[in-house]
Amino acid sequence: ETRIDSGDSIAAAAIVNGSGSPFDPRTGRLWADRLDLLPGPDEAGKAALAAAQASAPRRLNTVIGAVLTDASLTKAQANKLAAVAHDGLARAVRPVHSMTDGDTIFSLASGRRSHNPDVTAALKDFNNLLAAAADVFNDACLDGLLAATSRGEWRSYRDLTGLESE
């Protein structure tokens, strides 16, 4: 969750199973690690990632998620918020929105916080909320990738790289 200058809060949740790659094939680092908080994988981890990517099944892929805010939004603003959250997805998975993906992000606004009556201030607040939407969705993708465990033929990033759980 992030709180922006206006006092509005925004958070996101994501399930990441895109057909694009969540990691840089040159370094093995997760694209979503925008603050470089994680160590990069060693050579064995990079090799395991490359092998898994080469053999990964390409069917039924999608990233699905939601951005949630306590701001009061119109329907058009809620649609815009969801659309801009896709920018966060594009930071976390490359390429994104392929023909084999069903990537979808929903937006939910509780309306607990009323909008600023000053039009100029309200526009600034909404633009800050949009910027935060991309960041929190990117971070939700990172959280999802790090929380994932291997299942069947799908191997998790942590298992492939030996990254320790925190």
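Guide: A residue is called buried under 20% relative accessible area, exposed over 50%, and partly exposed in between (1.4 Å probe, protein chains only). With a relative accessibility of 0%, G88 is therefore buried. This is a predicted model, in which local features need pLDDT of at least 70, side-chain atom pairs count only at pLDDT 80 or more, and totals for chains, interfaces and linings use all residues. Numbering starts from 1 along each chain as its sequence is written, and side-chain values use heavy atoms, without hydrogens and water.

G88 belongs to helix α2; helices (H or I, at least four residues) and strands (E, at least two) are DSSP runs numbered from the N terminus. Leaving aside residues up to four places away in sequence, G88 is in contact (heavy atoms within 4.5 Å) with A134, F137 and N138. Between the C-alpha atoms of G88 and L146 there are 16 Å, for a separation of 58 residues along the chain.

Strands count as paired if DSSP finds at least two bridges between them. Two antiparallel bridges link β1 to β2, residues 9-17, and R3 has S9 as its bridge partner in β2.

The peptide bond from R94 to P95 is cis, with omega near -10 degrees. H97 is also in the loop between α2 and β4 and, although not a glycine, has a positive phi of about 60 degrees. H97 is partly exposed, at 41% relative accessible area. Elsewhere, in the loop between β2 and α1, D36 is another residue other than glycine with positive phi, near 50 degrees. D36 is exposed at 56%.

A pocket is an open set of points on a 1 Å grid with protein on both sides within 12 Å along at least five of seven lines, and lining residues have an atom within 4 Å of a point. The largest pocket has a volume of about 790 Å³, a volume being the space filled by probe spheres set on the points. Its lining has 32 residues, with V16, N17, W154, R155 and S156 nearest the centre. The elements giving two or more residues to that lining are β2, α1 (43-55), α3 and α4 (157-161).

The second largest pocket holds about 240 Å³. It is lined by 17 residues, and S72, H115, N116, A122 and D125 are the closest to its centre. Helix α3 gives the largest share of this lining, six residues.

How values were computed
On a 1 Å grid over the protein atoms alone, a cavity is a set of points where a 1.4 Å probe fits but cannot get out, and a pocket is an open set with protein on both sides within 12 Å along at least five of seven lines; lining residues have an atom within 4 Å of a point.
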